[in-house]
Amino acid sequence: MKILVCISNVPDTTTKITFTNDNTQFNTAGVQFIVNPYDEIALSRAIELCEGGKGTVTVINVGESSTEPTIRKALAIGADDAVRIDASPRDAYFTAFQIAEYAKANDFDMILCGRESIDYNGSQVAAMIGEFLAIPSISIIKKLDFDGTTAKLEREIEGGKEVVSVTGKFVASCAEGTAEAKIPNMRGIMSARTKPLQVIEAKPIEMLGEITKFETPAPRGSVKLIDSATAEQLINLLHTEAKVI
Amino acid sequence: MGLEVYMSVLVYVEQVDGKFKKSVFEAVSYAKAIANSQHTNLTAISIGNVAESELKELGKYGASKVLNVAADQLKNFVNQAYAAVIAEASQKEGANIVVLSNSFSGKGLAPRIAVKLKAGLIDGAVEIPNFEGGFSVKKTAFSGKAFAITTLSSENKVLSLNPNAFGIKENPTEISIENFSPDIKPTDLTAIVKEIVRATDKISLPDAELVVSAGRGLKGPENWGMIEELADLLGAATACSKPVSDADWRPHSEHVGQTGIAISPNLYIAIGISGAIQHLAGVSSSKVIVVINKDPEAPFFKVADYGIVGDAFEVVPKIITALKAHKG
């Protein structure tokens, strides 16, 4: 079994988000980059499914050479090899196209992504890869089992879950619950340095759109404190002042 | 500028057990506002078994036509097949803007429609498009820490609307129902829905208007009774912080924050949650935030509209009593 896991290089979850160039660019100064947390879940599940020699896990990233530490981290967690498509991941359409092109040329049984990247939150890449490859895509799963031929996935729906079965190739985007994120051990970190990392060129595709400006949320007004001894006042305030209940 | 002709707008109306949810009417209201700004009509597409009376409800929010796809093979949601149907409908209607809710199903559907139509996709839109000098839409980014204005240059466009971002706006319109028989390829139906489990007695968190959320300050899962009682009285959904779902006190589906889900309810009540930057990211677009925490230094108070410094176990019962009195 061959599993392809798509990983995105994103700012650490504690990052304070600021912009430069008249709010047209994300300010990367002093920002620590990590493997997108949801992609780590996808990778961890892929590694579990391949345990005991049942298969291999390839991680793929669309990014410039600056993303290599993130790719090495994924190798340290336990991926067998890595591919970097050498291009700035300008949007989901571009990124999904590159990954789909690579997957077409290399035979994978399943392709796993995180439910979304924590920078642009598009939740687009997995389903777009599915469409480019004309194979099923199951978005936002919280469970994935595979018996060698058929995969059984639990997909999140409003107020519950849906169980889906797929025989044949598929793409899925993984959320919490699919696996516990694995933490690299020392042996993993050492071996990651020598695992294969192939760099390939991006293929051209037209642009459909771009981010032209960023905004930060308007600061909120100051807090109105209510004495805990008269906490019941809250209900009245929410009803008459805030008018939300 | 403004020379591009928008022939019509198509909105996908997701049904659950033959009914439309509030988020669908919100998407229809949003799509109608776009159609109005372009002096064009709004067509809806419904897939699955929905009664005529329910389809007619869409007219209340501005749809002048609904394409009704009642094919039995499409009874369950399979995004590959649904995307093909919606793309076919958009071509038939000459619609170059397709709108849908940014729901769990919408997230699996919109990208496939976009690839089929070679359309730029804006997910999680929070405002109506600005047509001045092109076509740009504001969407959430960095898990709620920022917004990104995205400009599309493609002829076709797909927009998914965040729940509670636009609101429901009535716009009574005469609506016609047209049965639509799309081309269904068996190869689009290889993913098979085996089981659907839905709690009908609970309010779904992603599109809830009111949310009661609790964190480690509750000390253990056995103390969630008062949180659920408060939520029930308010008609609110329950949510939790990451440490709580990590410890399995509550299911992952309740985890709000940067690595959980982002929500934007009208009211978010945070009880015993300190307000780490990752948590705030997921809830900061809530309209009104109430924080109850015994630590006056908790960072959450900085973004709260109302704050109560106190022990949750003393404060929450008082609020429950007041709420019961309020409701009479």
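Hi everyone, let me start in chain B, where strand β13, helix α5 (residues 225-234) and strand β14 make a right-handed β-α-β unit. Keep in mind throughout that this is a predicted model.

Let's stay with those two strands for a moment. β13 of chain B covers residues 210-214, and its pairing with β14(B) is parallel, over 4 bridges.

Ten strands, or 10 if you are taking notes, form an open sheet with mixed pairing. The order runs β13(A)-β7(A)-β6(A)-β1(A)-β8(A)-β12(A)-β9(A)-β10(A)-β11(A)-β12(B). At the edges sit β13 (197-201) of chain A and β12 (192-198) of chain B, each pairing on one side only. From one strand to the next, the twist averages 30 degrees.

Where do the chains join up in this sheet? Strand β11 of chain A, residues 160-167, pairs with β12(B) in the antiparallel sense over 6 bridges. There, A:Gly160 stands opposite B:Arg198.

Helix α3 (residues 79-93) packs with α4 (residues 104-117) at an angle of about 50 degrees, with the axes 9 Å apart. The two helices α3(B) and α4(B) are therefore oblique to each other, and their crossing is right-handed. Among the residues that meet there are B:Tyr82, B:Ile86 and B:Ala87 from α3(B), and B:Leu109, B:Ile113 and B:Leu117 from α4(B).

A:Asn23 is not a glycine, yet has a positive phi of about 60 degrees. You'll find A:Asn23 in the loop between β3 (19-20) and β4 (25-26) of chain A. B:His39 also has a positive phi, near 50 degrees, and is a residue other than glycine. B:His39 lies in the loop between α1 (22-37) and β4 (41-47) of chain B. How many other C-beta atoms lie within 10 Å of B:His39? There are 8, and B:His39 is exposed. For A:Asn23 the count is 16, and that residue is partly exposed.

Conventions: Residues are numbered from 1 along each chain as its sequence is written. Chains are lettered from A and ligands numbered from 1 in the order in which they are written. This is a predicted model: local features need pLDDT of at least 70, side-chain atom pairs count only at pLDDT 80 or more; totals for chains, interfaces and linings use all residues. Two strands pair if DSSP finds at least two bridges between them. A crossover is right-handed if, with the strands pointing away from the viewer, the path from the first strand over the helix to the second runs clockwise. A residue is buried if 20 or more other C-beta atoms lie within 10 Å of its own, exposed if 12 or fewer, and partly exposed in between; C-beta atoms are placed from the backbone. Axes are lines fitted to C-alpha atoms, for helices over the stretch in contact, and angles run from 0 to 180 degrees between N-to-C directions. Angles under 35 degrees count as roughly parallel, over 145 as roughly antiparallel, 65 to 115 as roughly perpendicular and the rest as oblique. A crossing is left-handed if the near helix is turned anticlockwise from the far one by less than a right angle, and right-handed if clockwise. Two residues are in contact if their C-beta atoms, placed from the backbone, lie within 7 Å.
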